Amino acid sequence: QGDDTPHPARPGGPERDGGAAALAFADATLRRGPLGLVELLQERWLPAGANLLLLVDQFEEIFRFRQEGSADEADAFVALLLASAAQAAFPVYVVLTMRSDFLGDCALFHGLPEAINDGQYLTPRMTREQTRSAIVGPARVFDADVEPALVTHLLNEIGADPDQLPLLQHALMRMWQHMQARIGSAGGRERALLTMADYAAVGSIAKALSAHADQVFEALDPAGQRIAERLFRRLTHRATGKRDTRR
């Protein structure tokens with residue numbers, strides 16, 4: 001306690017600073033085995049009394065990586081998560097998010113189905129009123145509103161398909177940008193209100209994202225367009241049905 005020299009395993013030492021040496025030390029420790037994270041915690045990696053939450057988003061990508069990348073590395077990663085959650089020496093909590101159509105694939109990993117069965121939470125589909133709140137709520141935070149006719153039109157257009165929610169989010173963002181430009185051109189005299197005119201300007205929910213992508217693509221020079229085309233062809237791993245995943 002009387003030594004002011006930074007210690008690599010103490011809070012405030014280089015491992016806590018996120019430098020190259022810290023990352024190399026952490027990576028080597030985590031790769032030692034399923035208890036690699038516990039070993040880091042034993043070295044006082046976290047302040048006393050701290051809880052650790054590991055959030056692994058879009059966990060379904062591990063199945064593509066296991067098939068096309070490294071099965072051994074994928075197995076080791078899942079084993080590390082399971083061992084970290086199962087041990088009781090340190091308060092470590094693990095949350096995985098994945099699409100429900102990949103639940104069956106979890107049987108590829110020993111112990112993963114049992115862990116998921118112990119703590120599974122299936123996100124329910126949003127109701128129509130919840131979706132309405134998601135449309136009008138953010139606008140009202142910024143002292144704006146959404147025309148009732150537009151709210152009804154958007155609700156009818158997305159229907160009950162949860163896959164439409166990201167497209168709805170993008171369309172609302174584009175409508176908001178269009179409204180701000182419209183108000184700015186009017187000298188700020190207009191009310192901050194999203195209208196059917198803003199909706200028509202950006203296109204339908206189904207077309208707004210594609211139109212925006214075309215706009216960005218056309219702004220690139222020929223070399224940039226070739227790079228963008230190659231990049232976007234590699235963003236997604238194609239599979240049967242709706243099981244496409246990020247590459």
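First, the ground rules. This is a predicted model, with local features needing pLDDT of at least 70, side-chain atom pairs counting only at pLDDT 80 or more, and totals for chains, interfaces and linings using all residues. Residues are numbered from 1 along each chain as its sequence is written, and side-chain values use heavy atoms, leaving out hydrogens and water. Helices (H or I, at least four residues) and strands (E, at least two) are DSSP runs numbered from the N terminus.

Let's start with α2, residues 20–30, where Ala22, Ala26 and Thr29 are buried (under 20% relative accessible area, with exposed meaning over 50% and partly exposed in between; 1.4 Å probe, protein chains only). Looking down the axis of α2, its buried residues fall within an arc of 65°, so they line one face of the helix. That arc is taken from the directions from the helix axis to the C-beta atoms. On the face turned away from the buried side, α2 carries the exposed residues Ala20, Ala21 and Leu23.

**Two helix pairs**

Axes here are lines fitted to C-alpha atoms, for helices over the stretch in contact, and angles run from 0 to 180 degrees between N-to-C directions.

Helix α7 (residues 128–141) packs with α8 (residues 148–158) at about 125°, their axes 10 Å apart. The two are therefore oblique to each other (under 35 degrees is roughly parallel, over 145 roughly antiparallel, 65 to 115 roughly perpendicular, and the rest oblique). Contact means heavy atoms within 4.5 Å: Arg128, Thr131, Arg132, Ile135 and Val136 in α7 meet Val151, Thr152, Leu154, Leu155, Asn156 and Ile158 in α8. By class, that contact of α7 with α8 has 6 nonpolar, 3 polar and 2 charged residues (Ala, Val, Leu, Ile, Met, Phe, Trp, Tyr, Cys and Pro are nonpolar, Asp, Glu, Lys and Arg charged, and the others, Gly among them, polar).

Over at α4 and α5 (residues 71–86), the axes come within 7 Å and cross at roughly 145°. Ile62, Phe65 and Arg66 of α4 touch Ala71, Glu73, Ala74, Asp75, Phe77 and Val78 of α5. That makes 6 nonpolar, no polar and 3 charged residues in the contact of α4 with α5.

| Residue | Phi | Loop |
|---|---|---|
| Gln58 | about 50° | between β1 (52–56) and α4 (61–68) |

Gln58 counts as partly exposed at 29% relative accessibility, while Asp143, at 71%, counts as exposed.
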